[in-house]
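Look at the sequence and the model below, then read on.

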Amino acid sequence: IHWIYLISEMLVTFYNDNAWTFLIVGILASLAFSLFSFLVCVKPFYKKLVKFHHASVEFESLPADATTSTRRSSVVKLEKAMADLLEEDEMKEVTDFVGRIFSKRNVSRRQTIQPINRRR
């Protein structure tokens with residue numbers, strides 16, 4: 001909801017200022033980012049949530065006289081769906097890359113140019 005509000009405010013401002021180039025570029029950029037966000041974040045999480053919901057409903061709908069093997073298979077499905085839902089490795093590659101950019105490193109200064117000593 002916040003994303004839609006922010007983008008609409010920006011696009012309305014461009015429209016009111018008759019900044020047509022910025023309006024077109026802003027529309028294309030916001031659509032690209034929205035599509036990326038949906039495909040990478042929202043859709044996979046929703047699939048995992050639906051999978052968990054189905055496993056949970058199946059487990060809760062087991063009759064009291066269900067066999068041990070049926071109950072155990074339902075528990076295994078539920079635990080797997082829960083593990084998939086809570087998995088944090090979905091964006092591991094991206095977070096590792098960003099983490100490397102901002103991590104503190106020990107820089108070797110062996111090959112740097114020595115400062116010039118100026119005489120006064």
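**Two helices side by side**

Helices α2 and α3 run roughly antiparallel to each other, a label for angles over 145 degrees. This is a predicted model, in which local features need pLDDT of at least 70, side-chain atom pairs count only at pLDDT 80 or more, and totals for chains, interfaces and linings use all residues. Residues are numbered from 1 along each chain as its sequence is written, and side-chain values use heavy atoms, without hydrogens or water.

Two packed helices are described by the angle between their axes and the distance between the axes. Helix α2 spans residues 20-60 and helix α3 residues 68-86. Their axes (lines fitted to C-alpha atoms over the stretch in contact, with angles from 0 to 180 degrees between N-to-C directions) come within 9 Å and cross at roughly 155°. The contact (heavy atoms within 4.5 Å) involves residues of α2 including Phe45, Leu49, Phe52 and Phe59. On α3, Val75, Leu78, Met82 and Leu85 are among them.

Now step back. The protein has four helices and zero strands, with helices being DSSP runs of H or I of at least four residues and strands runs of E of at least two. Along the sequence the pattern reads α-α-α-α.

Of the 120 residues, 13% count as buried, meaning under 20% relative accessible area with a 1.4 Å probe, protein chains only.

How confident is the predictor? The mean pLDDT (confidence in each residue, from 0 to 100) is 82, and 80% of residues reach 70 or more.

Methods. Buried means under 20% relative accessible area, exposed over 50%, partly exposed in between (1.4 Å probe, protein chains only). pLDDT is the predictor's confidence in each residue, from 0 to 100. Angles under 35 degrees count as roughly parallel, over 145 as roughly antiparallel, 65 to 115 as roughly perpendicular and the rest as oblique.
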